[in-house]
Amino acid sequence: MNSNSQKILHVGEPNLPDFDDFCDRLRTIWIAKRLTNDGPMVRELETRIAQMLDVKNCVCVANGTLGLEIVVRALGLVGEVIVPSWTFPATAHAIELAGLTPVFADVKGHHLDPESVETVIHDKTCAIMHVHTWGQAGAIDRLRELARRNRLALICDAAHAFLCTHNENLIGPLGNAEVFSFHATKFFSTVEGGAITTNDDALAEMCRMMRNFGFAGYDSVRCVGTNAKMSEVHAAFGLTMLDCINDVRERNFGTYHTYLEFLGDAMVRYDPVEQSNFQYVVVEMNNRDAVLGTLWNMGVRARKYFFPGVHRMFPYSIKMVDLPVTDELARRTLCLPTGQSVTKDDVAKICHVIKEVSCQ
Ligand SMILES: *Cc1c(COP(=O)(O)O)cnc(C)c1O
């Protein structure tokens, strides 16, 4: 990786399906002239995902952020929603966009800490929005218990968690609803897209209406819906991607284990009991910023996650909540490149630099 022929490596390089298979599906769309509005490709994708994840309903949407917003609104929530700050801003934005107030709780490990959640529950609290960070469900069992005891809704931001398990069951049916992101940088992608999964039929029906302007039939509008429909072209990409998703996981698994060989204890490890998509290679280190600078100089676009923490971003930062564990993680955490372009040699070079800078 010298400077004149520098190979650039990214976090979340898109995983692509077979081009010819995708074209076959595009031809089907061309012939049917059906481009969007709950078409056959979207329906097939929803059916396949619901079956795979063993959940009664799957409602595909235009992206994960709209999916989260729709769930909050479809549940008829008002007031405050407890959410980690240790997440992508969309988690909090979805709550804010739905007209509710996100209230940040701290994390333990990389997941919402039930003890911190308990300290911010009061009479205005209506829900907990949990994030399956890096595809792992954290303390979801205790949060479910906490939600039940306090009569709160429980929504899961499952953006990272497609084909990951909790208690050895695939993530999808947890809480009132789970919301996946199928953005291009995620493990499973429809370019842009997402899905709401739930065992609550009435909630699923409401989400279907809300993603399509609130239409309940040709001339009947029953709620203030938005436009969050997934197009047939996006669904076709997703269906083709599903056909090769096990290959993607195999490759991720290989990359993760190569990193693990070199970095060992510095890495955030996936629970060996659970199934994972191995999409994220995450390290924690004291001299994170020095390592990051050196890596960028050699074309390795490692990324700070989730820096500086959503509670330190607009508009949430004006409240100045104290989240010491989140702040510490934001200071120490780095995501390393994955995807098809990353070879064993690349991993060796990256890890060599990390070790060298760490020893200085
Ligand atoms: C990617 C992501 C989202 C947003 O999903 P989009 O499909 O890009 O809207 C939300 N939450 C988390 C944790 C994410 O990583």
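This section describes the aromatic contacts, the charges placed over rings and the cysteines of a predicted model. Residues are numbered from 1 along each chain as its sequence is written, and side-chain values use heavy atoms, with hydrogens and water left out. Because the model is predicted, local features need pLDDT of at least 70 and side-chain atom pairs count only at pLDDT 80 or more, whereas totals for chains, interfaces and linings use all residues.

Rings of Phe, Tyr and Trp (for Trp, its six-membered ring) were taken to pair if their centres lie within 6.5 Å, with planes under 30 degrees apart counted as stacked, over 60 as edge-to-face and the rest as tilted. By this rule there are 17 aromatic pairs. One of them, formed by Trp-134 and Tyr-280, is tilted, with 5.3 Å from centre to centre and 50 degrees between the planes. This pair links distant parts of the chain, 146 residues apart: Trp-134 belongs to the loop between strand E7 (125-131) and helix H6 (140-149), and Tyr-280 to the loop between helix H9 (245-263) and strand E15 (281-284). Helices (H or I, at least four residues) and strands (E, at least two) are DSSP runs, numbered from the N terminus. Trp-134 is buried at a relative accessible area of 3%, and Tyr-280 is likewise buried at 6%, where buried means under 20% relative accessible area, exposed over 50% and partly exposed in between (1.4 Å probe, protein chains only). Trp-134 and Tyr-280 also belong to one aromatic cluster together with Trp-86, Tyr-305 and Phe-306.

A stacked pair is formed by Phe-162 and Phe-188, whose ring centres are 4.8 Å apart and whose planes make an angle of 25 degrees. Phe-162 lies in the loop between strand E8 (153-157) and strand E9 (165-166), and Phe-188 in the loop between strand E11 (177-181) and strand E12 (194-198), so the pair ties together parts 26 residues apart in sequence. Both Phe-162 and Phe-188 are buried.

A charge was taken to sit over a ring if NZ of Lys or CZ of Arg is within 6 Å of the ring centre and within 35 degrees of the ring normal. Lys-186 lies over the face of Phe-88, at 5.8 Å from the ring centre, and the charged end of Lys-304 sits over the ring of Phe-307, 4.1 Å from its centre.

With a disulfide defined as a pair of cysteine sulfur atoms within 2.5 Å, the structure holds zero disulfides. The closest cysteine sulfur to that of Cys-60 is in Cys-58, at 4.3 Å, which is too far for a bond; Cys-60 is buried, with a relative accessible area of 0%. Cys-244 is in no disulfide either, the nearest cysteine sulfur being that of Cys-23, 14 Å away, and Cys-244 is buried at 16% relative accessible area.
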